Amino acid sequence: MTAPVATAAPPPSAASGSFLSKLEIDARMLGMLAALAVIWVGFDLLSGGVFLTPRNLWNLSVQTASVAIMATGMVLVIVTRNIDLSVGAILGVTGMIIGVAQVQWLPAYLGLEHWLTAPLVVVLAMVIGGSIGLFQGWLIAYLGIPSFIVTLGGLLVWRGAAWWVTTGQTVAPMDTRFKAFGGGVEGALGATTTWVIAAVACGLIIIALGFSRRRRLSFGFPVRPGWADAVIAALACGAVLAAAAIANAYPLPAGTARRWAEANGISWPDGGLFIPHGVALPVLIAILVGLVMTFIATRRRFGRYVFAIGGNPEAAELSGINTRWTLMKVFGLMGLLCGISACISTARLNAATNAAGSLDELYVIASAVIGGTSLAGGVGTIAGAMLGALVMQSLQSGMVLLGVDTPLQNIVVGAVLVLAVWVDSLYRRRIK
């Protein structure tokens with residue numbers, strides 16, 4: 001008998017396939033980017049070139065931050081085959097409590113405009129939101145009440161509680177340092193800081209691609225060709241630098257710029273000064289939350305447990321996963337993110353209002369679903385949800401520029417949500 005001839009396996013990097021497959025770019029993500037481009041170009045043409053101005057894009061990024069942060073948590077909730085209809089109400093009641101804390105409670109002990117007020121309020125918001133989320137998660141996980149019912153009840157309970165905090169009165173103004181969390185002039189980080197952040201981000205992108213390639217090679221997994229990594233790095237860094245350039249192309253208003261120049265001892269020339277806004281603090285917070293949530297979902301045991309539960313709850317429990325405790329933590333994390341969004345929303349308005357967070361649950365769920373999170377569970381990405389939030393906010397912002405009435409805006413958002421679920425069902429049937 002002759003021994004079989006052993007053939008050498010092709011190197012991992014020699015994998016064949018299409019251009020997109022070599023880049024390992026998700027087709028659904030690419031489709032969302034294409035849809036976003038169509039939305040932006042369409043609204044820019046209809047608005048006479050107003051939509052794609054630095055001013056509108058800067059405001060759009062700030063408006064997206066609050067919903068995008070909550071959408072990252074909604075991904076994990078939906079992945080576990082649950083839903084949270086109370087996120088807007090949690091934001092509302094948390095915003096009212098931190099508003100009263102800034103105007104009445106903390107000034108009684110610390111005085112007005114104390115430097116500790118802003119950090120204490122942020123911690124308070126996270127504690128309140130996280131506690132509400134954990135309580136609802138306990139009802140769902142340990143008492144076996146369906147998440148739809150618990151969070152629908154929570155929507156009514158926490159919205160009513162927000163009214164009872166001040167009997168419906170608006171609370172304003174907020175602490176000066178706290179207002180930075182809402183963007184605006186106080187939350188603009190300036191040109192220099194923006195370029196430094198962009199340079200650091202580009203460096204981290206290159207380092208992350210290098211580490212990913214090294215880990216794959218160490219485990220013998222297939223890797224992208226070197227040119228593919230270079231293309232991805234160039235595209236990602238180009239997007240970061242373009243975003244920084246747009247943020248720095250939006251100047252401060254003349255009056256604000258003049259006061260800033262006088263405060264810093266800078267003479268005011270006849271033609272004025274061009275002082276860029278730079279990236280807004282809430283946008284930076286949203287990006288950091290997205291990175292942390294991506295790390296949790298893809299690199300930590302908790303994230304693997306969440307996707308295992310969503311894929312097959314019975315198998316996950318039989319494999320030793322504490323499904324109840326994991327589910328409770330998912331809702332607790334969702335509530336904590338609502339607390340962060342409450343800080344951004346309240347600071348942006350410079351007031352705590354009873355209507356804060358209204359219909360946010362619609363936008364958050366729609367963002368997650370449009371971003372590729374399957375309502376059947378087990379599938380979803382943080383980056384996709386944040387991109388979905390940008391798509392939803394772009395639709396709303398564009399319709400506002402065109403003077404579309406609010407009822408028609410809601411009709412469009414609802415139609416887009418239904419369309420996204422239909423596309424998701426088509427995609428899932430195709431991959432089966």
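Guide: What follows is a quick chat about the fold and the spaces in it.

Visitor: What should I know before I start looking?
Guide: This is a predicted model, where local features need pLDDT of at least 70 and side-chain atom pairs count only at pLDDT 80 or more, while totals for chains, interfaces and linings use all residues. Residues are numbered from 1 along each chain as its sequence is written, and side-chain values use heavy atoms, with hydrogens and water left out.

Visitor: OK, how many helices and strands are there in the protein?
Guide: The protein has 16 helices and 0 strands. Those are DSSP runs numbered from the N terminus: H or I of at least four residues for helices, E of at least two for strands.

Visitor: And what are the spans along its principal axes?
Guide: The C-alpha trace covers about 90 × 60 × 45 Å.

Visitor: How much of the protein counts as buried?
Guide: Of its 432 residues, 44% do, buried being under 20% relative accessible area with a 1.4 Å probe and protein chains only.

Visitor: Switching to pockets: what's the volume of the second largest pocket?
Guide: About 740 Å³. A pocket here is an open set of points on a 1 Å grid over the protein atoms alone, with protein on both sides within 12 Å along at least five of seven lines; lining residues have an atom within 4 Å of a point. The volume is the space filled by probe spheres set on the points, which are joined across faces, edges and corners.

Visitor: What about cavities?
Guide: The structure holds 1 cavity of 30 Å³ or more, a cavity being a set of points where a 1.4 Å probe fits but cannot get out. The largest cavity has a volume of about 50 Å³.

Visitor: Which residues line the largest cavity?
Guide: Ser212, Arg213, Arg216, Val223, Arg224 and Asp229. By class, that lining has 1 nonpolar, 1 polar and 4 charged residues, and helix H7 (residues 191-218) gives the most, with 3.

Definitions and conventions. Nonpolar A, V, L, I, M, F, W, Y, C, P; charged D, E, K, R; others polar. Buried < 20%, exposed > 50% of the residue type's maximum accessible area, 1.4 Å probe, protein only.
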